[in-house]
Amino acid sequence: MSLYSSNSVLAGQHSAAGSMDEEVKRNVLEVIQLACDTHGNSREAVARSIKQQLDRQLAPNWQVIVGKTFVCNVSYEKSTLGYFEVGPHKVVVFKAAGF
């Protein structure tokens, strides 16, 4: 599902799903795009950058998974789960439940 119209700064080949509010989704996608642009194909560096930015901007305890193909099952706080596809990266972000 495409989230952004052609006049959006982030228009392009991005997709997202999850339980986040639209504003939070846009913010997270901006963070992901910047991390991908900065760190290229280094999934570890992309994940670290995303986590650090989200912890700063949206309060601590965000978890980030970046990969090409994977399966995961997570417990998360309400309205904090997001799955994004940006370029070659598949990204899951969520605020862990119980923190």
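Helices, as runs of at least four residues, and strands, as runs of at least two, are DSSP assignments numbered from the N terminus. In this predicted model, Asn 61 falls in the loop that joins helix H2 (43-58) to strand S2 (62-67), and its backbone has a positive phi of about 85° although the residue is not a glycine. The points below take up the loops and then the nonpolar core.

**Loop residues with positive phi**

- Most residues other than glycine have a negative phi.
- Asn 61 counts as partly exposed because its relative accessibility is 28%, a value between the 20% limit for buried and the 50% limit for exposed residues.
- Ser 79, which is likewise not a glycine, has a positive phi of about 65°, and this residue is located in the loop between S2 and strand S3 (82-86).
- With a relative accessibility of 28%, Ser 79 also counts as partly exposed.

**The nonpolar core**

- In soluble globular proteins, nonpolar side chains tend to be buried together.
- The largest nonpolar core contains 19 residues, and those with the most contacts inside it are Ile 32, Ile 50, Phe 84, Val 91 and Val 93.
- Two or more residues of this core are supplied by each of helix H1 (22-39), H2, S2, S3 and strand S4 (89-95), with the largest share, six residues, coming from H1.
- When residues up to four places away in sequence are not counted, Ile 32 touches Ile 50, Phe 84, Val 86 and Val 91.

Terms used: Residues are numbered from 1 along each chain as its sequence is written. This is a predicted model: local features need pLDDT of at least 70, side-chain atom pairs count only at pLDDT 80 or more; totals for chains, interfaces and linings use all residues. Side-chain values use heavy atoms; hydrogens and water are left out. Buried means under 20% relative accessible area, exposed over 50%, partly exposed in between (1.4 Å probe, protein chains only). A nonpolar core is a set of buried Ala, Val, Leu, Ile, Met, Phe, Trp, Tyr and Cys residues joined through side-chain atoms within 4.5 Å. Contact means heavy atoms within 4.5 Å.
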